[in-house]
Amino acid sequence: MGIMLGVSIIVAVDLANSSAQRAFTLSLNTLTGHANHQLTAGPQGINESLYAQLRLELGLQNTRASVSDQVSVAGHTLTLLGIDAITGNSQRLQGFQMTTDNSSLLDFILSPNTAILSERTARMLKVMPGQSLTLNHRSKLHQIKVVGIFTSDNPAASVGLIFCDMASAQEILGRLGQLDHINLTLTPGQLAVLKTWLTKQDHPQLKLITSQQKNDAIKKMSKAFHTNLTAMSLLAVLVGALLIYNCMTFSVLQRRRTLGILRNLGVSKTEIFSLILFEALCLGVLGTLGGLLLGLLMGQGLLRLVLQTVNDLYFILHVSEYFISSWSLLKGAAVGLLVTVMAASIPAWEATHTQPIGVMQRALLEKSINSNLPKLFLMGLALIGLGLLLAKYPDVTLWQGFFSLSLLVLGFTLCVPQTVLWILSRLLLLTPYLTNMARLILRGITAGISRTGLAMAALALAIAVTIGVGIMVESFRVTVASWLDQTLSGDIYVSTAGRSSRRNNPGLPSSLVADIQQLPGIAAINTSRMLKVETQFGLIRLMAITSAHEPKGFNIKHSVTDFRRKFKQGKGILISEPMAYHQKIQLNDSIKIQTPSGEKPFIVLGIFYDYTSSQGLMAMHRNLYEQNWPDTQISVLSIYRQHDTEQATLLKAIRELASHHPMAIVVRSSKEIRQASLIIFDRTFTITQVLRLLAIAVAFMGILSALMALQMERKKEFATLRAIGMTQGELRFMIIAQSMLMGLLAGLMAIPLGMLMSNILIEVINVRSFGWSMQQIYPFSVMWQALLISTSAAGLAGIYPAIKSANAVIAPALREE
Amino acid sequence: MIDKFKHCQRPIVTLLLILASTACSPPPPVSHLLVSDILGNNANQEFRQVLEKRALVFPKDHGPHPEYKNEWWYLTGNVHDENGRQFGYQVTFFRIALTAGTANPIAHQSAWRTQQVWMAHFAITDIKKQHHVHGQRIVRQALNLAGASTEPVKIWLENWQLIGQKDSQHGFPWQLSVQDEQMSVNFSLASHKPVVLQGDEGLSQKSPAFGNASYYYSLSRLQTQGRLNIGEHSYQVTGTSWLDREWGSSQLSDNQVGWDWFSIQLHDHQELMYYQLRTKDGQAHPSSQGKWINQTGMTQSIRPSDIQLTPLAWWTAEDGKKFPIKWRLKYPSNNSDWVIEAQVADQYMTTLVRYWEGTVTIVDAHTGQTLGVGYLEMTGY
């Protein structure tokens, strides 16, 4: 059971992670095909005549024009992709087959507003060929006729895609004359020709990149998130391994007597050793198989959560196929079997290397262990120290982080028995004041320290994981919440609806901006223009702001002296913390940004906190922006009301004005934005919470199996107690209380470990992966929840042995020897 | 020559099917379609029909006729280098209208929107190496990617182009420039013989039904010279080519399954064109016909009763189709008794529509003397 759970966690997390990664790669491949190069011209797009030139003048056959954007249909966000269904060589959607053999397919090319869908997408949207669907693209509605359905060798790749002919796609997306990019499959010779040709074109925005570069850039975006997941899966390995170890140790320890008898009967050491290992292997195989199955099931659930997070944070990922990677299964199986055998070999070695008679006496074992405990404790401390030291080392990679975490855990495990003994011995000093029952309870634990210590260590570790993760999430949430409070300085925000992964949203209608300015009760309005620009670090969001009102909005981390004045004078820009961290940018460095008149350097005046994306954000003053970009559009208005104006009244007035415009405009109060942001935040960490719950389940299983084994073993002791007059109720009470005490102790010990863990998690995962700095807080709720969980889990685990032992008939239990 | 795309509705569906399943490594499912399936007879009446004879005017009729459903410029030829190394080549431009008339333009219409699709086939046969290479391109008539114009004559599909000279009736010499990944030709073509009007003064009736016809003319002896590249090698070549021009909206009838088309250029500067339409039961259809062209360009019509065609040897393609690659042609009134044989057995075009098209030699059946070269096209097998 323990093995099964351990393996299943490893497998589930790993599968979810690798599935998400594959989904991601697949999505990329569907969009870029098998091209090895891509021609882009930044967010403005490429003139389609360039595509014709490539084919006509250079004879480049393997070129594919691409136009796509996100649209929504019946609440689903989908990608509308323009394809050239006529030019065969340029299509690389492999393995597709139309199931609709229908002459209306001709409509696909000839008629506007027609599309073909994959079978799965059609099922998802509940449309049949010939039917129409209403598609919303940036708040503009289009009636699209589905003229065909296709199946594909790889159905996952086309889920969530709406295929239109290039003509229809351009018309629907309002991209006449424009392409997003051109995908090219080039031979080295063609590449050289193209490069020379491009240098002769007067088109500074045009850039030729390899598909690898392109994919890497996108992959980098979600790397932090996957790092996070990988860390979780490593943590799962750790917890799983310990659980398995715990389980096996018990199963061997429990049968020391039987083993001793066998030794006495003349079975050789080697035979016993291999017997135990073989048995362990059998158990391991069974447990692993069960674990793999369970892991497969759990992984599917996890994947849904992972994709949800990816969609919230990065981009729409349509693929939701559950890929069962044999590598993940193998990894789980390997850990399962290896740890099982390793775990069994330690007690097996011990059992075969003591005198046969000794093996049969537990007292001897406890004695030997007791004498070693201080040594183990010191070793443990040393390991903890080493682990912490490693984690503090600058530029810790994930694996180093994991290694130091392992050291920490191992060290901690070694410390547990001694610590327990110490605490209990302090408690026992109170003996005169304690009832006999209390003394029995305490003694019971110390006497079986070889098992109880292990059980408590396992429980403490599992609880510590929940504490560590809990602290991390809570710290992050508090940080983000306070950042939101500082950033959302305006009262009301007005912006255009819709988000686009690739291109720039149109601005707010200028008449609306003028109308809002006329409204009474407004103290000030700040405007900003959001767009994506090409820099030497790739596509990064740029925010051009005015600050009629002194902007409180920026929460500055570092800045040059007098940065506010310099910023207003257009002497430079501000960048976000993750961008500075990832790109190793410092104050006064310059960033090259593609402007319509070519590449220009901009000096970094300051670095501000930002948690909206791990990809980076830049801010410049509106004046500087308009000097370089011929663009007067406004994306967002942040409105400050006068103190005597009711927010609700103003909100209503602005909404009324906005409703006169056909384009969808979002008018929200800062409070609403704050709430919405935190909802997304919580959703993002759902997966983390689920893993936390899993860790608790593991802890519960661990304590259950450990305690059950322990209490079962003490049958004779219990029988003796009964024989000398303890009632059934008293015995039950004793066992349960003992369990709960162990749970409580484990919970207490878990707290410092959990704090240390959270430290490493925050340091390694969040700061290093996302580039976000975080206030570390130690929420009380996480702590007492942990204590409650460990105590109650332990209490529950005690119930079965308590009933069983109390109901046992005394005589046979005593007679056994 | 007979068009391969008489009925357009189906081929384009087919086109879509294939394109949607592009780059399938196994042959696309549609390739199993018989040519006759594609060339049905349910003509779209909105297209202009070929109903009556009309005078062909040049250079105008070298250019496109978009009001008809389909049209092609079909070049085949035999060339050799100074060492006598021989090659066959084929370059064909097909224009296919997806629908008749002009669609109502919509506001904000994309430049990609079109009703005309172009397809081109290119093949070279290396006789010494017994090797046949071919390629295909399909492009919409949009963004200037493909099209045809009259003055000067220009037919192009991306950088595959046939361009005439300005300010003359036929614009000779024409420049043919076609490059594919593995091969290219850069030829100059000029005719020393007048235009041959096929059928009845250019109206070629393919079956008795009214409108099942095309306008059809040929340039039966185009002097050809230029450069031919195949693989790593480049050859300076000369030889003769044949141009077939046809346009129409519907041709084959229901019981016609395909045809065998011969274009023969004899060493004595005479030519013969003959196509045999085959019915479902394998018989020659009475609408089969041809032309004999003498040295001065005078022509004489050939009816099925004038000629005897017998297959002598067959070649089986990978997909199981069998093609007769050796024929006996008897034309008694002209004292001709020839053996026509493919110079390479596998000259199978595994393009969107599959057919056999290749260079042949003509040998006197009695003396064994080589009389000339030619091209053979076989469909519907």
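The largest nonpolar core of this predicted model has 135 residues, of which Leu80(A), Ile162(A), Phe93(B), Trp118(B) and Leu176(B) touch the most other members. A nonpolar core is a set of buried Ala, Val, Leu, Ile, Met, Phe, Trp, Tyr and Cys residues joined through C-beta atoms within 7 Å; buried means 20 or more other C-beta atoms within 10 Å of a residue's own, with C-beta atoms placed from the backbone. Strand 12 of chain B gives the most to this core, with 8 residues. Leu176(B) touches residues including Leu75(B), Val91(B) and Phe187(B), not counting those up to four places away in sequence; contact requires C-beta atoms, placed from the backbone, within 7 Å. Another core, of 69 residues, lies apart and includes Ala464(A) and Leu741(A).

| Element | Residues |
|---|---|
| Strand 12, chain B | 213-230 |
| Helix 23, chain A | 715-723 |

Helices (H or I, at least four residues) and strands (E, at least two) are DSSP runs numbered from the N terminus. In helix 23 of chain A, Phe718(A), Ala719(A) and Arg722(A) are buried. They lie on the same side of the helix because they cover an arc of only 100° around the axis, taken from the directions from the helix axis to the C-beta atoms. Gly725(A), with a positive phi near 115°, follows helix 23 of chain A.

The complex has an ipTM of 0.85 and a pTM of 0.67 from the predictor. Chain B has a mean pLDDT (confidence in each residue, from 0 to 100) of 86, but pLDDT stays under 50 over its residues 1-43. Where pLDDT is low, the predicted coordinates should not be read in detail.

Residues are numbered from 1 along each chain as its sequence is written, and chains are lettered from A and ligands numbered from 1 in the order in which they are written. In this predicted model, local features need pLDDT of at least 70 and side-chain atom pairs count only at pLDDT 80 or more, while totals for chains, interfaces and linings use all residues.

Methods:
pLDDT is the predictor's confidence in each residue, from 0 to 100. Two residues are in contact if their C-beta atoms, placed from the backbone, lie within 7 Å. A residue is buried if 20 or more other C-beta atoms lie within 10 Å of its own, exposed if 12 or fewer, and partly exposed in between; C-beta atoms are placed from the backbone.
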